[in-house]
Structures are given as structure tokens and as C-alpha cells.
Amino acid sequence: MNSLLPVQYYIGLSAILFTLGALGVLIRRNAIVVFMSVEMMLNAANLAFVAFARAANSMDGQIFVFFVIAVAASEVAVGLALIVEIFRTKHNINIDQMNSLRN
Amino acid sequence: MVVNLIVFFGLALAAVASAIGLLLSKNAVYAALNLILNFVTVSIFYVLLAAPFIALLQITVYAGAIMVLFLFVIMLLGAEKLSAGAVLPWQRPVAFGLGVILLIEAGYVTIFRGGPAVEAGATTAGFGSPAIIGDLLFNTYLLPFEIISILLLAAMVGAIVLTKKRKQHE
């Protein structure tokens with residue numbers, strides 16, 4: 001249970017995962033896949049939190065991860081409800097076609 | 001030390017490969033499965049970083065509940081495959097350029113502004129255990145904890161209201 005690697009390794013991995021998530025948000029057009037990329041970015045931030053908590057020998061970072069997971073869960077519930085509702089009206093979830101507020 | 005490096009880079013390779021798989025997979029179900037693999041590898045990192053409770057939370061909430069919700073919605077809508085008709089042709093190269101810039105910035109900050117490469121020392125007894133997390137949640141972080149419960153309730157009510165079929169009032 002004692003990882004002796006410097007914290008920079010974990011922060012670097014977290015940065016790579018965050019960048020890949022941001023690329024997913026920018027490139028993909030399927031609204032659900034965009035959502036999953038956002039989840040991956042949150043996850044990368046969580047990894048940085050836990051790595052810093054381990055380096056500082058303080059529990060507060062892990063508590064923040066707890067709250068981030070709770071916020072992500074509620075975000076997914078509301079977001080997927082919105083996607084289902086958009087699909088009912090437009091029969092499509094391509095985000096390029098969500099360009100009108102009515103109809 | 002060598003074992004630690006092998007474990008780290010093996011897991012990091014799995015995490016990055018599954019993230020790239022999420023980016024490139026045409027089928028949304030495959031993207032979701034790649035994301036589950038990514039969550040599991042990250043939760044193993046949490047175990048390595050002396051956060052076993054967070055690791056189990058990650059497995060149950062993220063890889064369990066949230067991804068099941070995703071897969072359920074994908075299959076409910078039948079949205080596995082969508083026509084990849086790019087409306088804006090310049091979007092992809094611009095996205096790659098911005099991603100490279102973001103990665104360079106993050107790498108610069110990590111390497112040059114991250115402080116000296118400290119090797120994490122030994123943890124205190126019970127570090128990361130559910131007992132200590134519960135103690136912190138119900139003492140130091142009691143108010144945020146209550147606010148999170150209200151947020152979850154609001155999200156639940158919101159999801160139900162959004163997906164409820166409305167009666168047509170003519």
C-alpha cells in the first residue's frame with residue numbers, strides 16, 4: 001500500500017487523461033459520447049486530487065473526490081434526462097443539430 | 001521501486017489506451033465499455049495512492065451506477081451508431097491543435113511549476129479508511145455534506161420531471 005513514486009507521475013497521467021477527455025468533447029458529435037468525455041475529465045481531476053492528498057498526507061483531497069463523485073452522479077442523471085427529452089422531440093442526438101431553442 | 005514503475009506504467013498504458021478507445025470508437029456502446037475500463041484502472045491507482053474507500057466508491061458509483069445508466073439510455077434510444085456527418089470540416093484539426101496546446105501547458109505546469117519531486121512518505125495509521133472519512137464528513141464537512149444531499153434530491157426530482165410525459169393542454 002506504499003507507492004513510492006513521485007506525485008508528478010500521477011499528475012502527468014491526470015493531465016493526459018484530461019486532455020483526451022477535452023479532445024473527446026471537441027471532436028465527437030454524439031451527445032452521449034460527449035457526456036462520457038466530460039465524465040473522464042472529472043475523473044482525471046479526481047486522480048490529481050487523490051495524488052495530492054497522498055503527497056500532503058492529508059485526507060481533505062479524498063473528501064473533495066467524494067463530493068465530486070456525488071456532483072457527477074447528479075449531473076449525469078439530469079443530463080441524460082435532457083438527452084432523452086431532446087431525442088423524443090428531434091429523434092436525433094447529434095449536437096450539431098441542436099441549434100434551435102424551439103421546435 | 002522497479003515493481004512500482006512497472007505497475008504504474010502498465011496501468012497508465014491501459015488507462016490512456018481505453019481513453020483513446022473512447023475517442024475513436026464508432027459505436028457508443030464500445031465507447032461506454034472503454035470508459036468502464038478507464039474507471040477501473042483509475043480506481044486501481046486510488047488503491048495505490050492509499051485511498052481504498054474512494055477506489056470502491058469509484059467502482060460502485062462510476063463503473064456501476066453511472067455507466068449502467070449510460071448504457072441503458074444508449075440502448076433505450078437506439079443511438080449506438082450515428083451518422084458522423086461533420087457539419088464543420090475545420091473542426092477536427094482545430095480541436096487537435098487546441099488539445100496539443102492544452103497538453104503542452106499542463107505538462108509545463110506539471111514539470112516546471114509542480115515543485116520538487118517529493119517522494120511521498122509513510123501515511124498515518126488508518127489513512128483513507130472509511131472511519132476517518134466518515135469522521136471528517138460528519139464533523140468538519142457537515143455543511144457541504146448536507147448541501148450535497150439537497151443537490152442529489154434536486155437532481156432526482158429534476159430527472160423525473162424532465163422525462164415525465166406531459167399531458168397535452170389544448
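This is a predicted model: local features need pLDDT of at least 70, side-chain atom pairs count only at pLDDT 80 or more; totals for chains, interfaces and linings use all residues.
Residues count from 1 along each chain as its sequence is written, and chains are lettered from A in the order in which they are written. Local features need pLDDT of at least 70, side-chain atom pairs count only at pLDDT 80 or more, and totals for chains, interfaces and linings use all residues.

**View 1. Chain B has 6 helices and 0 strands.** Helices (H or I, at least four residues) and strands (E, at least two) are DSSP runs, numbered from the N terminus. Of the 170 residues in chain B, 22% are buried, meaning that 20 or more other C-beta atoms, placed from the backbone, lie within 10 Å of a residue's own.

**View 2. Here is the largest nonpolar core, with 64 residues.** Such a core is a set of buried Ala, Val, Leu, Ile, Met, Phe, Trp, Tyr and Cys residues joined through C-beta atoms within 7 Å. Helix 2 of chain A (31–56) gives the most to this core, 14 residues. Among the residues with the most contacts inside the core are A:Leu47 and B:Leu49.

**View 3. Now look at the surroundings of A:Leu47.** Two residues are in contact if their C-beta atoms, placed from the backbone, lie within 7 Å. Setting aside neighbours within four places in sequence, A:Leu47 is in contact with A:Tyr10, A:Leu13 and A:Ser14, and also with B:Val42 and B:Phe45.

**View 4. Chain A meets chain B through 63 residues of chain A and 72 of chain B.** On the chain A side, helix 3 brings the largest share, 20 residues.

Notes. A residue is buried if 20 or more other C-beta atoms lie within 10 Å of its own, exposed if 12 or fewer, and partly exposed in between; C-beta atoms are placed from the backbone.
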